[in-house]
Amino acid sequence: MTNLSTHSAARDHALALDRVDPLAHCRARFTLPDGVIYLDGNSLGALPKGVNERLHRAINEEWGVGLIRSWNDADWYPAPQRVGAKIAALIGANASEVIACDSTTVNLFKVLCAALEANPERDTIICEEGNFPTDAYITERTAKLYGKRVVLANQNTIESVIAEVGSRLCAVALTHVHYKTGRMYNMQRITELTQLQGARIIWDLAHTGGVIAVQLHDWRVDYAVGCGYKYLNGGPGAPAYVYVREDLIVSLDQPLAGWHGHAAPFSFEQGYRAHAGIDRMLVGTASQLSLISLEAALAAYDGVAMTDVRAKSESLTGLFIELFDAQLGTFGFDLVTPREAAQRGSQVSFSHPDGYAIMQAVIARGVIGDFRAPNILRYGFAPLYLTHVDIANAIAIIADVMGTGEWKRSEFSQKKAVT
Ligand SMILES: Cc1ncc(COP(=O)(O)O)c(C=O)c1O
C-alpha cells in the first residue's frame, strides 16, 4: 500500500487517479471560484456554466419582451414535466413518474398523505430516528392530522421494527443517505421488506439524486422526493421533485388540490378533478425562474452515466478517508461515515468537540464544507466538478489548520446563522 502520509505522495497518487477519470471533462461545465475547493455540493451545488446565460434570456427576452405569452411561446408551462423527465433519467425512473415542483418538505407531505389514504385501516408510519428535521416534523404533523402514530427506527433497527409493526404498518419514510453521517440504506432491501408487510415506502433522495445510481422503477419504489439545489445544482431554493411509481399514480390521492394539479387547469372548473398523470402532484404556479435555472443546470449531466458518477463518488470519498487516516489521525477527529463504500453516500463526516471553529478556520482557507450541530464536520463530494487532487489539497489544508492551531483564533468561534 502507498504511504500517503505526506502531501506530495498523496498528490501524486491523486494525480494518477485523475488521469483515468472518465468524468474529468465535466469540471469545465461549471464556474468555480479561484482559490476554493468546494466540498459542499451536498448543501448547495456549484453554478453550471449555461445557467447564467439561460436566466438572462428568460428575464430579458422571455419575461421582459414575451411577457405572459412566454408561458406558451417559451414553453414555460410544461417545464415541471420536462425537468421531471430529466431528473427521472438520473434516478432510474420513467419520465412520466417524476415532476419538479415545490420543496422537498411539501412533496413529502403529499406522498405521506397518499400513502395514508391508500391504506386507511393501518395506523403506523415508521420514520427515521435522527432524520433531517424537516422529515421528522412533517411526518409527525401528518400523522397527527390523520390520527396515526409514528414509530422511530434507525439504520440498525429498521428491519426488526418493520417486522414488529407488521400488519399495522402503513408507510415507511426514510432518507436514503443520512444527512449527518452519510450512511446509506440498502434501498432495494428495505423497499422489499416494507412491501412484504403490505405497506408503502417513501424515500427522501435529498443526498442521493444526481450522485448515487438508484433504480427507483425497477426496484418498485412507491414514492420518493428529492432536492433540486444540492447535487442537481439548480441554485439556491431550486424546486424539488417527486416520484410516484406509474401504477400508483391514477389512484393517488393527495390533499393539496391546486389548479396546476387539475385535469384541465384552464377550464377553470369549480370542482377539483385530479390530473390523470404525475401532474396531479402539482399545486400552484411554479417558481418559473428557479425552474428554468434547474433545467439549465441539468445539462451538466448530459451524456453522463450515473454508474460513472457513483464510481467516482466512491473513489473521492475513499481517497478522503484514506488521507484522513494517514494525515489527520492525531488531531482528535472521529470518523462517523462508514468505511465501506457500499454503505456510504457521497459525503464524509467526522466529529470533533471544536468542530464549529475548525470548520470556520478551514473555510477561511478556501476549503468549503459545513458544520452540523453538535459536533460534525461534513464534506460532500460532487463527482462532476471535483478532482482527486482537490481532495489531497483539502486534506493538506485541514492538517495545516490543525497542526498550527490556527482554528483557535477567536474569530472562528463566532456563530453564524447558517452553518
Ligand atoms: C434529508 C433532507 N430532506 C429535505 C431537505 C430540505 O428540504 P426542502 O427542499 O424542503 O428545503 C434537506 C436539506 O438539507 C435534507 O437534507
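Predicted model: local features only at pLDDT ≥ 70, side-chain atom pairs only at ≥ 80, totals over all residues.

Gly355, Tyr356, Ala357, Ile358, Met359, Gln360, Ala361 and Val362 are the buried residues of helix α12. Helix α12 covers residues 355–364, and because eight of its 10 residues are buried, the helix is largely enclosed by the rest of the structure. Once you have followed the chain out of α12, look for Gly366, where phi is positive, near 95°.

Stay in this region for a moment and find the loop between β14 and β15, which is where Pro374 sits. The peptide bond that joins Ala373 to Pro374 is cis, with an omega of about 5°. Most residues other than glycine have a negative phi, and most peptide bonds are trans. With that background in mind, two further residues are worth a visit.

One of them is Leu67, in the loop between α2 (49–63) and α3 (70–73). Leu67 is not a glycine, yet its phi is positive, about 50°. Is Leu67 buried or exposed? It counts as exposed, because 10 other C-beta atoms lie within 10 Å, and the cut-off for exposed is 12 or fewer. The other is Arg220, in the loop between β8 and β9 (223–226). Here, too, a residue other than glycine has a positive phi, this time near 60°. Arg220 has 14 C-beta neighbours inside 10 Å, so it is classed as partly exposed.

Now let's turn to helix α8, residues 187–196, whose buried residues are Met187, Ile190, Thr191 and Thr194. If you look down the axis of α8, these buried residues fall within an arc of 105°, which means that they line one face of the helix. The face turned away from that buried side carries Arg189 and Leu196, which are exposed. The cover over the buried residues of α8 includes helix α7 (158–165) and the strands β7 (169–175) and β8 (200–204). Just after α8 comes Gly198, with a positive phi of about 80°.

Our next stop is a pair of helices. Two packed helices are described by the angle between their axes and the distance between the axes. For helix α5 (residues 104–118) and helix α6 (residues 133–146), the axes come within 10 Å and cross at roughly 35°. The crossing of α5 and α6 is right-handed. On the α5 side, the contact is made by Thr105, Leu108, Phe109, Leu112, Cys113 and Leu116, and on the α6 side by Thr134, Asp135, Ile138, Thr139, Thr142 and Tyr146. By class, the residues of this contact are seven nonpolar, four polar and one charged.

These helices also bring us to the ligand. α5 and α6 each supply at least two residues of the shell around the ligand. Which residues surround the ligand? They are Ser103, Thr104, Thr105, Phe132, Thr134, Asp135, Thr175, Tyr179, Asp204, Ala206, Cys227 and Ala240. Sorted by class, the shell has five nonpolar, five polar and two charged residues.

To finish, let's visit the start of the chain. Thr2 is found in the segment before α1. With 11 other C-beta atoms within 10 Å, Thr2 counts as exposed. Apart from its neighbours within four places in sequence, Thr2 is in contact with Ala9 and His13. His260 lies 258 residues from Thr2 along the chain, and the C-alpha atoms of the two are separated by 58 Å.

Asp18 is classed as partly exposed because it has 18 C-beta neighbours inside 10 Å.

Notes
Residues numbered from 1 in each chain as written. Axes fitted to C-alpha atoms, helices over the stretch in contact; angles between N-to-C directions. Helix = DSSP H or I, 4+ residues; strand = E, 2+ residues; numbered from the N terminus. Left-handed = near helix turned anticlockwise from the far one by under 90°. Contact = placed C-beta atoms within 7 Å. Nonpolar A, V, L, I, M, F, W, Y, C, P; charged D, E, K, R; others polar. Near = placed C-beta within 6 Å. Buried ≥ 20, exposed ≤ 12 C-beta atoms within 10 Å, placed from the backbone. Arc of directions from axis to C-beta.
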